[in-house]
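User: I have a structure open and want to learn how to read its features. Can you take me through them step by step?

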Amino acid sequence: MKNKQPTKLVILAIVTSAIATALLLNQSDLSGSANVSSIATMAQGGQAANRFSATRGDYLSPKLREEVEQLKTDVASAPSTLDNGVDRALVLWKWSNAFAQQGGVLPVELPAIVALVTAQQEPPATTLQRLEVMDRFVRELQLREEQPTAIGHLTSDNGGPFLPGSFVTIEQTYHVGDMPIVPGGGFFIARHFMSNQGQFQTDDPQGDNYISIRSTNPSAQFIPGTVKVGGMHGGFRTEADGLVFHLEGATLTKRDTVTVTYGDRSGGSRGFQVQTYSNDAFPLPIYVDPRGNSDFLTLPLQPYKVVGGPVHAVHGFAPSVAKVGETIEVSVRSEDVYYNRASGAIPGYQVFINGARHSRIEPAEEAITLLDDIQFNEPGVYRFSFESDDGQIRGQSNPIWVQQDPQYGIFWGDTHGHCGFAEGQGTPEAFFEFGRDDARLDFLTHSEHDLWMDDSEWQTLIENVNRYNKDGEFIAILGYEWTVNNQWGGHHNVFFRDTIDRSRVPRQTAPDLSQLYQRLAVENDMDDVLIIPHAHQAGDWRISHPQMETLVEIMSMHGHFEWFGVMYLNHGHDIGFVAASDDHLSHPGYSTPLASGLAARGGLAAVLAPTKTRDAIFDAMKDLAAYATTGQRIILDVDLNGARMGTRTVNRDDRHLTGRVFGTAPLDSIAVIKNGKQVWNKDLLTTRDEPASTRRVELTFHSTNDPQMRDNPRGWRPWHGTLVVKGAQLKAVSSPALENRLWEFVDEDENEPNRVHFALRTRGSYKNLVLDLENVTATASIEVYLDEVRERTTGPSIYRPSGLLPEETLRFSLSESSNEPVTHSQSVDQFTDSVTLRCIRSDPLLDYEFEYTDSEETKPGDYYFVRVRQMDGGTAWSSPIWVGGFSTRY
């Protein structure tokens, strides 16, 4: 097949509008997935759109019907303008919600276009482009409503399940509807941006991921071409080439079909490579252009399923707090190399508690085993470990703090995550089931983006919360993400105590932060609403609502943002700290860091509550009784003058902070932060022993991302390069903090045993290389050669483009680092990058009790919080404790 020259569709009415909307403006989070009431519904024969019919009785009220008919007439008569665009958008918004609630398929970016038009926050030229797309959406809905069989439907011959990274063949067939496809029309073969599946190609029938197309009409020919595509079916925030097939030689009518083959093996290809993470509904979107005018129309998705692969590791999930004599349950999860729940034969495991053999788990077919008869008769800290019968697979659980009479439990939850209702993947049901069964969360919110949400989807979220919530077992909390760019207030997650008469306040009708606060306060009891801003599209720390906004998200898969919480505190707001995943793969609570932007392991919120009930957990979050971790279930207990984290105690000059930490990995350090500045640090990992011929050293890489202005944080800082050990022998190298197996690696050179190649990424976090050295001489050194790299943006900065960082050579003397850590720092605009070498102990600590007395000048209103770092990069942040002053919350 000959290739057509690449074309650029300037303002496509492609119904995902991933193309149209993303080309119109640099919207930081403008993308989407199929916007219907359930992805599962879309997969039922691919005919959901054709089942909609107005003959069942008008689904619109007489008044709205009159408005809709007038809208159709107006759009047919003249394009929307700056004068009438908002009024038309509001009618479209009401119409589209009613249409979706009746089972109709919406253009996925329709809610976003309505939001952008009604907000009136963009330049006039941009708004006019939005209005052109909106008019096409009006015509799209008119076509679907008045001619429900005009657009054909898709079917798929193979929905899986497939193993991660396997090569498969999938055929999707379009059955032409009443509307013919004329020459010049064709198909857009879309690809979800957040996937490491194979890249489509049409040039080499023997190569991987070969895509072909054929029709039952023998006269039809298809010419492959490319189109520049932004959004979730292209390059997301930038444009990328998308595959199109243009029809020539025939007009396709209702008797015809068109089949697209992913991984066509007829020419010798291995097939199409699916992604490496499990998912119950991964989309392969196809769009049809019947008229040849580049007005691509959406087709209901035909998703496929990926399950986990063979066992590679094992992980245990246990309650963090237990009472002496209480019976608890421990989940033992076998997982593959990509952290998916494993499939296939599951080995037997020996089970140990604090190193002593406890029991054995028999080989099984299921990857999750529950140990449900566990009791401890003595107070203390207990950890489970597991070892396969052949000794090849080992893992452990989080620590369990057994107390005689615990004052509260530590309940783990994820307050921020997405599925295929927005720009993520998977069904909303799989989202909750993964959080409950795989991640073993105590509570969970499916906080879908309101930017792409219609009323039908909101109703699905409500129904799922009611379905999955069970006090004492698993808590489901209703919420959504108010999705507005930094300039207008930034992203905020909104939560409701219950599901009774709860209506979201969406961006479409509340486009700035003051409107969100006002509407939520007026339409609800403020005790029943919780708001949590986050830093990815940075919430506006200059303003906050003291009754509803009591927590701030300071870590997610987007990176570490301690500074973000400090900005709220320094502006006088009483807030506590949580972390969350912002997972987009329906893997909340135990999130796989595979995407390029969501490159860290997802965080967790630890909530201190007396019982595992929705009211108790909600009350605790409203009361700042929480702390943040980077996903590891680190136990952190802090008080200051007897006051727990998240509280304000009376003013006193003598201030004594005490705490304890029970880690999930060797502890690195414990720091106390006062009024945003570190005032105390306990290094638990560095050793200052006399030089020896055998030594363990650690290279640590760190980058700051605080913009120091009202902006989004700096993007990911890649660390690519090579290190060479001189004057010593490299015995072994590892990276305990490595977490992203798609973008990070540490490889020993095959030809030079003292040379290591590495690629790591930081965004406020710490990554490391741990080297075990032998035959260390007095002149031993480590030389680090860093490549030239460009920062990786995500939630791009407003004022600063991504920096190009030059190559650099760093030399570290082992004799100098024997006494104190040695750091090389480099300023990058307002940011700092650093590489540190230190000698570390071979017997690191897992648990530690600490205390700190403030001997410096104090004043009423000072706040303190604690940061704990582990050797594996895991971090925990306590919520602040205030001394004196007055609260903004009362």
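User: Let's start with charge pairs. How many salt bridges does a search of the whole structure find?

Analyst: The search finds 62 salt bridges. Keep in mind that this is a predicted model.

User: How do I read a single pair? Take Arg214 and Glu171: how far apart are the closest N and O atoms?

Analyst: Use the cut-off: a side-chain nitrogen of Lys or Arg within 4 Å of a carboxyl oxygen of Asp or Glu. For Arg214 and Glu171, the closest N and O atoms are 3.2 Å apart, and the pair forms a salt bridge.

User: Where do the two residues sit in the chain?

Analyst: Arg214 is in strand E5 (residues 211–215) and Glu171 is in strand E3 (residues 170–175). The two are 43 residues apart, so this pair links distant parts of the chain.

User: Which salt bridge does Arg436 form?

Analyst: Arg436 meets Asp437, with 2.8 Å from N to O. Arg436 is partly exposed, with a relative accessible area of 30%. Asp437 counts as partly exposed at 25% relative accessibility.

User: Now Arg714 and Glu791. Are they buried or exposed?

Analyst: Both Arg714 and Glu791 are buried. They form a salt bridge, and their closest N and O atoms are 2.9 Å apart. Arg714 lies in the loop between strand E42 (695–703) and strand E43 (717–726). Glu791 lies in the loop between strand E49 (789–790) and strand E50 (804–805). The pair therefore ties together parts that are 77 residues apart in sequence.

User: Which residues are linked in a network of salt bridges?

Analyst: One such network links Asp58, Arg65, Glu69, Lys72, Glu145 and Glu146.

User: On to sheets. What holds the strands of a sheet together?

Analyst: Strands pair through backbone hydrogen bonds, either parallel or antiparallel. Here, 5 strands form an open sheet in the order E6-E7-E4-E11-E12, with antiparallel pairing.

User: Which are the edge strands?

Analyst: They are strand E6 (221–231) and strand E12 (297–298), and each pairs on one side only.

User: How many bridges join strand E4 to strand E11?

Analyst: There are 4 bridges between strand E4 (residues 186–189) and strand E11 (residues 286–289), and the two strands run antiparallel.

Notes:
Residues are numbered from 1 along each chain as its sequence is written. This is a predicted model: local features need pLDDT of at least 70, side-chain atom pairs count only at pLDDT 80 or more; totals for chains, interfaces and linings use all residues. Side-chain values use heavy atoms; hydrogens and water are left out. Two strands pair if DSSP finds at least two bridges between them. Buried means under 20% relative accessible area, exposed over 50%, partly exposed in between (1.4 Å probe, protein chains only).
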